[in-house]
Amino acid sequence: MSDVVVIGLGPAGLSAALKLVESGRSVLLAAKGEGGFQLSQGTVDVLGYSPGRVANPLAAIGELPAGHPYASIGAEKVRDAVAWLRDTLGEELLVGDPAQNYVLPTAVGAMRPTALAQPSMVAAHQAASYAVVGVRQLKDFPAELLAGNLGCRAAWIDLPARREVDSSGHMFARAIEDPAYAKRFAAAVAAAAPDGAVLLLPAILGVKPGTWRRVADQVGRPIAEVPMQPPSVPGIRLHDALLAKFKAAGGRVIIGSRVVGCKTNGGRVASVTLAVAGGTRDLRATDFVFAPGGFASGAITVDSRGKISEPLFGLPLTQTDANTLIGPDYWAPHPLFEVGVETDAAGRAKYENLYLAGDIIAGAERWREKSGEGIAVATAVRAAESIMGGRA
Amino acid sequence: MKSLEADVVVIGGGSTGVGVVRDAAMRGYRAVLLERADLGQGTTARFHGLLHSGGRYVVSDPQSATECAEENAILKRIQADAVEDTGGFFVVTPGDDPGFADKFLAGAAATGVPAREIAVAEALRREPLLNPGILRAIEVEDGSVDGWQLVWGAARSAQAYGATVLTYHKVVGIERERDRVSAVLARDVKGGEDVRINCGFVLNCAGPWAGQVAALAGLHDVNVVAGRGIMVAMNHRLVNTVINRCVYPTDGDILVPVHTVSIIGTTDVKEDDPDVLAIPRVEVQEMLDAGEKLIPSFRDARALHAWSGARPLIKDDRVAATDTRHMSRGMAVLDHAARDGLNGMLTIGGGKLTTYRLMAEHIVDAMCEQMGDTERKCRTADEPVPGSENRKLYQVTHRLEEAEEDRFTDPIICECELLRRSVLVKAMKEQPDATLDDIRRQTRLGMGPCQGGFCSTRAAGIAVAEKVVDAERATGLLRLFLKNRWIGLWPILAGDQVRQTALDHWIIQGTYDVEHLPQPEKEVVL
Amino acid sequence: MSARSEQSKQLRERLNNELKRVSLDHCVKCTLCEQYCPVYPVTEMFTGPKFVGPQAERYRDGDSVDHSVDYCSSCGTCTVVCPQGVKVAEINSLARAVMKVENGMPIRDRLITETTLMGKMMTPVAPIANAVLGNSLARVVMEKVVGVDKKAPMPTARSKTLHGWLRSRPKPTNKPTRGPVVFFHGCAGGYFEVDAAMKSIEVLEHIGFQVLVPKQGCCGLAHQSNGLFDRATDQVRALVAQLRSAGTDLTIVSSAGSCGGMLRHEAHEILGLDDPELLDVGTRTRDISEFLMELYDAGDLPTDFKRIDLRVPYHQPCQVRSQGIGMPAADLLRLIPGIEVVESGSICCGIAGTYGLKKEKYEIAQAVGKGLFDMVEATNQGVVACDTETCRWQIEKSTGVRTVHPVVLVHQAYGLS
């Protein structure tokens, strides 16, 4: 039996698990697979748009509607949670101030606000001018499109990560861990790069935090990594670091097994049922943190008739009929994706000892307003602190 | 204003139009085809993907059945690259009248449609997802066909014979000199010149829009009823054989494997405006129910995309105006000389894709007769179109095989549909004005499970890298592509496709923030 | 359709292909499987699990046209990490089996999968067998003729089998206080590497169990991963019957890390077997570390361990990870005072059962395992722990460091050695 079972290992699950294990509790983290940070841009959004671009996310939190996940947490606690994540991971991984958004170019050339970024990225904030260098063998970095939208110049290098002409960013990042390859890469970039105050490169500068500095030094001018679609190397760095910290602090992990049910006792969850090879196991704990994701992970489902459900605990959702929540305008808000579970002030739903964190919580279309990681860590810390505070 | 000379102008770039322009060009006429959008964007490419064996009509429309059987064999010969020889089953599902199968077999024999009853166990062995309760199964020679490859194959053949094919040219006027057609005026909707084509003959093959086109010649009583039907593509080939219900034709009674998806369809509802075709939720549910009859686990499978197409049916007096299914499926040729005193114009309506070549043969024969050119004979059945010369039928494994061979030299841009960069770039360079949807129709970009989530930004990037467009237009094309994909997604969003959409939004909006790219002054729409 | 593709289609049908195939619908192309696949980053010959699995499966219709799937090592990591429930590894295994039916099965794959046979044949003349296997010239010949790489780790035959030891040892004197369990030792535990099996039995008896060891054959895992589905099916069914013969209500404790996975889920998921007897055995099987940790979590495990001051690298085999039980061996070793467990952080040692024995896969296998070997060399203090025998041979051969089943250290900590 553990003190806490955490379900899910995205930003919310990992944050809650780490906070709890560092407080001295025994924590078992169970996840049906990998996921979360590895699919994201690798920064920490607090609030980017509301709907106009936000400069100070904490100030903007006060204006959010009552049903928003931040509303019952408040700007101060959001700030503390985000700062905790930054300080836990350290400045080799996350820098920035939750009260002040960076504005960083995306790989297609939009200027995108985010609160905490990786040190390898922040030179791109408010640069006087840019230049872009892409890699022929990396199809996920459209250098000319990016340069065109920024109004700067682009160049290419021809340097496969290995024999093939088509490598993912992750493959390149692994190659760059080899100092010999990194040197060739940096030399090629330096030779090809057009003039510009900050040189934008695809986010492939090593899988380990800190490797990018060696590349930057060898290129010999300011560079900034630009995140791309999955496999997201910056996201992988954050995920790996958080998971390693959790395990180093004594946390236990089961990956690849789904929680398929639970056993309850009065108004409490007594155990969750894990499907392992050939059978099931009951994982008992005093408290449970449910951070399974939202629609993307399938924690919230929509059946072929449009019925929305949370099938594991049967938690009540803010809406149950998808048919009226999705419409023809691609660019408009999609109310469907704001559907989720509402919690009490401690972060609980349905059971006294079941705490929710992350995308499962109702009230925000995260990708639209750029708030995913912030909501994840703020609700995760709330859950952890509620448990640590010994709420009955 | 540009000026062209032609013997015949063909209006409408669907299967009828391209079939006609090919036939006319092969018979030596100087021919121009005008299509207001991309080829096949009307009815043809919105259809089911079915190359009929004729089985569907052996009881309800015997003449059609025989024609389908004959043309099925011909198209497998001349447009092999667009046709997959999937074979088909007609199955009696629980609740259907098992006696109908006997009528079916008798009708097949009478109409010359190859058909053979097989044991239910064999049908289930070959198609393990089929309803285990089926009572009888009959094997036929259905195939599946890629509508775009079909029309482009015919169009390229026409071009090889000297025809001019003008897409994105909307007809705005048909002129006459006294009682004879004299010219057609068209507008280049992508912003180029207008064009006047002096001609002696006009063939109105505009499908559901044929009435609107006829009106441009002053003919206001050509009534074409648009019978709208929806289709739903499921994410993978639930079956590798066309599955039909063995009943009198009804809604949702066919499931067709086409490329990497399987398509259930269709419905039949009269619509007033062929440019406004809804995909009503109730019809989507009907299609899922219909699929369940054939495959019990259908609702657990992943609905990928839906669309609507309008059958063009010449209104006739034998059935009520709103019941479109039982209108004659035969072609109708309206001779405006006899009907309206206007020489040199024919309007064709009705018909089906499988018999498009035959339809074209009839109309060009009619034109030849009017022009006194009866010695010019149709040869379209004799010669394969460009791309089909080796007579190799389409196989669904082919892209996988090619990707396996080329993977060290040719990056894969749309991974779901195994679209290699060289193929994408070739399509972009051949049509530098194309939208990403025009490219999609040629290459299947964005038509797989991720619906463009992973590949649309890559494609936009390549368009700029290859200097086909600048960054501003590429940005507009990207936005248009995403917007257009949504049309077929939101009506069927459920299950796995909701998860996919969420991930796609995380990427497109979350990571890339496409919504906040620099906005072009004018939104790109074409 | 050709006769061969009809045969492969039948194979797909018989193996409940459609069920695995249908799971491809859950793929959202997220690339997580590619991020964790151990083979994909070390060779361009493999296009990655997403490509050969759910992506290519939409194109497969009977005929096998893509051969890069052969480079999949069947480690199962892709299915473990997929958050959407795509049975990636199972789809790949099936595609490979179909490919082999259509392209023919190399003799080598049939030979190296006959591990029980090999063990039985080798044992009475074990020192000679070892000499041959250790003889470089003989290995060169084997590589040329049969395709087994001359450098590949091969099992060492023992003079005594496990059952020989059971027969000849003095009967245990303590009366069992907890009742019987059935013991599953796997081929290696029976013939090649009986040490882990012997020590497992002694540990179980020490804490009060009566250990029943029925005569038992091969689980068929090696055959299955080489696409020999019929032979694998016969073997696993025979093994199931043997294990059930000792009692149908008893827990089955396994010291054969990967083979336990065959019983618990792979025979069902990959061979498509639905036999109630198999499912019954699968439900009752526990890896020995898992079994001991369950006792610990219930407060029922004696923890009067002697101190062992040792830093031990621990590597969890892929097919133990894919059982989805966490890392009980590491948790168990951490209960021993003085032991510092350092998890390898590597996905795969490279051997993947018989994959790394093959000539054309050997270099790839060594590249896959390199990170692990470097880690072992950097952290070991003379011993490495790993639950599966083929992985132990791979690690020991590649690093020179003695590699043992975790239960060996538990045995020592209980004062039994």
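Q: So two strands pair if DSSP finds at least two bridges between them; how many bridges join strand β12 of chain A to strand β13 of chain A?

A: Keeping in mind that this is a predicted model, strand β12 (residues 258-265) of chain A and strand β13 (residues 268-276) of chain A are joined by seven bridges, and the two strands run antiparallel.

Q: Which residue stands opposite A:Arg258?

A: That is A:Ala275, which belongs to β13(A).

Q: And what happens between the strands of that hairpin, with A:Gly266?

A: The hairpin of β12(A) and β13(A) has two residues between its strands, and A:Gly266 takes a positive phi there, near 65°.

Q: Stepping back, how many helices and strands does chain A have?

A: Chain A has ten helices and 17 strands. Its radius of gyration is 22 Å, close to the 21 Å that the globule rule gives for 392 residues, so chain A is as compact as a globular protein of that length.

Q: What box do its C-alpha atoms fill, and what percentage of chain A counts as buried?

A: Taken along the principal axes, the C-alpha atoms of chain A fill a box of roughly 70 × 40 × 40 Å, and 61% of the 392 residues of the chain count as buried. Among contacts in chain A between residues at least 6 apart in sequence, 65% join residues at least 24 apart.

Q: What about B against C?

A: There, 26 residues of chain B are in contact with 23 residues of chain C, and the elements of chain B that give two or more residues are α10 (398-406) and α15. By class, this side of chain B has ten nonpolar, six polar and ten charged residues.

Q: Last one: which residues touch the most other members of the largest nonpolar core?

A: B:Ala31 and B:Val232 do, in a core of 439 residues. Leaving out residues up to four places away in sequence, B:Ala31 touches several residues, among them B:Val8, B:Val10, B:Val21, B:Ala158 and B:Ala163, and also B:Asp7.

Definitions and conventions: Residues numbered from 1 in each chain as written. Chains lettered and ligands numbered in written order. Predicted model: local features only at pLDDT ≥ 70, side-chain atom pairs only at ≥ 80, totals over all residues. Core = buried A, V, L, I, M, F, W, Y, C linked by C-beta atoms within 7 Å. Buried ≥ 20, exposed ≤ 12 C-beta atoms within 10 Å, placed from the backbone. Contact = placed C-beta atoms within 7 Å. Helix = DSSP H or I, 4+ residues; strand = E, 2+ residues; numbered from the N terminus. Nonpolar A, V, L, I, M, F, W, Y, C, P; charged D, E, K, R; others polar. Pairing = 2+ DSSP bridges. Rg over C-alpha atoms; globule rule 2.2 N^0.38 Å.
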